[in-house]
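Please open the structure in the viewer and keep the sequence beside it.

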Amino acid sequence: MARGGYRNGAGRKKGLRNKISAKKVLAKIDSEDCKDPLTIMVDIMNRAYAEDDYRLALEAARGAAPYIHAKLSESKVELNQVKLDKMSDDELNRLIEDGEETVSEEENT
């Protein structure tokens, strides 16, 4: 048996009409009866929760969550370890002064 390519009688017949026209689809989307999927999921979640159907409420919440709450992304933090026992008194004083300036700047904002 041949795979792929042209086969007699295969595929959609020429001249067949669509079962539903694009105009009808667009009209339905534009009508007030049509809600977006997120609204439907939130409605299902709220109704299920009110009726104590927690399993359904949880499933609807899982579906809606990515569209409502942003996903947290990673952030890089670079830490520089300072060996205080090997610093001179001047270096330690400078480090303390820099820290005080940073704290006062944060308090002003």
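In this tour, a residue is called buried under 20% relative accessible area, exposed over 50%, and partly exposed in between, with a 1.4 Å probe and protein chains only. The model is a predicted one, in which local features need pLDDT of at least 70 and side-chain atom pairs count only at pLDDT 80 or more, while totals for chains, interfaces and linings use all residues. Residues are numbered from 1 along each chain as its sequence is written, and side-chain values use heavy atoms, without hydrogens and water.

**The whole chain.** Display the chain as a cartoon. Its secondary structure consists of four helices and zero strands, where helices (H or I, at least four residues) and strands (E, at least two) are DSSP runs numbered from the N terminus. Of the 109 residues, 4% count as buried.

**Helix H2.** Select residues 37-50. Within H2, pick Arg47, which is exposed at 53% relative accessibility.

**The loop.** Move on to Asp52, in the loop between H2 and H3. Is Asp52 buried or exposed? Asp52 is exposed, because its relative accessible area is 53%. Its phi is positive, near 60°, although the residue is not glycine. Most residues other than glycine have a negative phi.

**The contact.** Among the residues involved are Leu38, Met41 and Met45 in H2, and Leu56, Ala60 and Tyr67 in H3. The contact comprises 15 nonpolar residues, one polar and no charged. Here Ala, Val, Leu, Ile, Met, Phe, Trp, Tyr, Cys and Pro count as nonpolar, Asp, Glu, Lys and Arg as charged, and the others, Gly among them, as polar.

**Last stop.** Finally, select Arg47 and Ala57, which are 10 residues apart along the chain and have C-alpha atoms separated by 7.8 Å.

Terms used: Contact = heavy atoms within 4.5 Å.
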